[in-house]
Amino acid sequence: MATYQADDGWDALGDPTRRAIVACLAERPRAVGELAEELPISRPAVSQHLKVLKDAGLVTDRAVGTRRVYRLNPAGVAALRDQLDTFWARALDGYQDVTEAPTEEGS
């Protein structure tokens, strides 16, 4: 089982092709060939991108006959979402602090 490492997920998603692969896998699990048909890159390039996503813990794969089928890793995606929720909560708390702080005019 692949483990999720915090920075790797964000780094992996920094590439637009990998984001497109994640978007495709969000619809349903797919083999490399299916992904290559939908993207403007070769099968070997798709495989390289999938390796980065797998190393980051964002996708998993399993053998189905002679193919490997890739799917999103719920634990990796949940970890990214938790980080985003934390960032958002901090931003909202900061905004609330600023809006509730006394102004120089009102002091």
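Author: Let's settle one word before we start: contact means heavy atoms within 4.5 Å. Also keep in mind that this is a predicted model.

Reader: Let me zoom out. What pattern does the protein chain follow along the sequence?

Author: The secondary structure comes to 5 helices and 3 strands. Read in sequence order, the pattern of the protein chain is α-α-β-α-α-β-β-α.

Reader: Why is the protein chain said to be more spread out than a compact globule?

Author: For 107 residues the globule rule gives 13 Å. The radius of gyration of the protein chain is well over that, so the chain is more spread out than a compact globule, at 19 Å.

Reader: What does the C-alpha trace span along its principal axes?

Author: Here the spans are taken along the principal axes of the protein chain. For the C-alpha trace they come to about 70 × 30 × 20 Å.

Reader: What percentage of the residues of the protein chain count as buried?

Author: A residue is buried when its relative accessible area is under 20%. Out of the 107 residues of the protein chain, the share that counts as buried is 29%.

Reader: Is cysteine 24 buried or exposed?

Author: Cysteine 24 sits in helix α2. Not counting residues up to four places away in sequence, cysteine 24 touches Arg30, Leu35 and Glu38. Its relative accessibility is 9%, and under 20% is the mark for buried, so cysteine 24 counts as buried.

Reader: How far apart are cysteine 24 and leucine 72, C-alpha to C-alpha?

Author: In sequence, cysteine 24 and leucine 72 are 48 residues apart. In space, their C-alpha atoms are separated by 9.6 Å.

Reader: And histidine 49, is that buried or exposed?

Author: Histidine 49 is part of helix α4. Residues up to four places away aside, histidine 49 touches Asp15, Thr17, Arg18, Ile21 and Ile41. With a relative accessible area of 14%, histidine 49 is buried.

Reader: What about glycine 14, is it buried or exposed?

Author: Glycine 14 lies in the loop between α1 (6–12) and α2. Exposed means over 50% relative accessible area. Glycine 14 has 51% relative accessibility, so glycine 14 counts as exposed.

Reader: How far apart are the C-alpha atoms of arginine 28 and arginine 71?

Author: Arginine 28 is in the loop between α2 and β1 (30–31), and it is partly exposed, with a relative accessible area of 39%. Arginine 71 is 43 residues away along the chain, and the distance between the two C-alpha atoms is 7.0 Å.

Reader: Last stop: how far are the C-alpha atoms of leucine 80 and leucine 58 from each other?

Author: Leucine 80 has its place in helix α5 (residues 74–100). Its relative accessible area is 7%, so leucine 80 is buried. Leucine 58 is 22 residues apart from leucine 80 along the chain, and their C-alpha atoms are separated by 9.1 Å.

Methods:
Residues are numbered from 1 along each chain as its sequence is written. This is a predicted model: local features need pLDDT of at least 70, side-chain atom pairs count only at pLDDT 80 or more; totals for chains, interfaces and linings use all residues. Side-chain values use heavy atoms; hydrogens and water are left out. Helices (H or I, at least four residues) and strands (E, at least two) are DSSP runs, numbered from the N terminus. The radius of gyration is taken over C-alpha atoms; the globule rule is 2.2 Å times the number of residues to the power 0.38. Buried means under 20% relative accessible area, exposed over 50%, partly exposed in between (1.4 Å probe, protein chains only).
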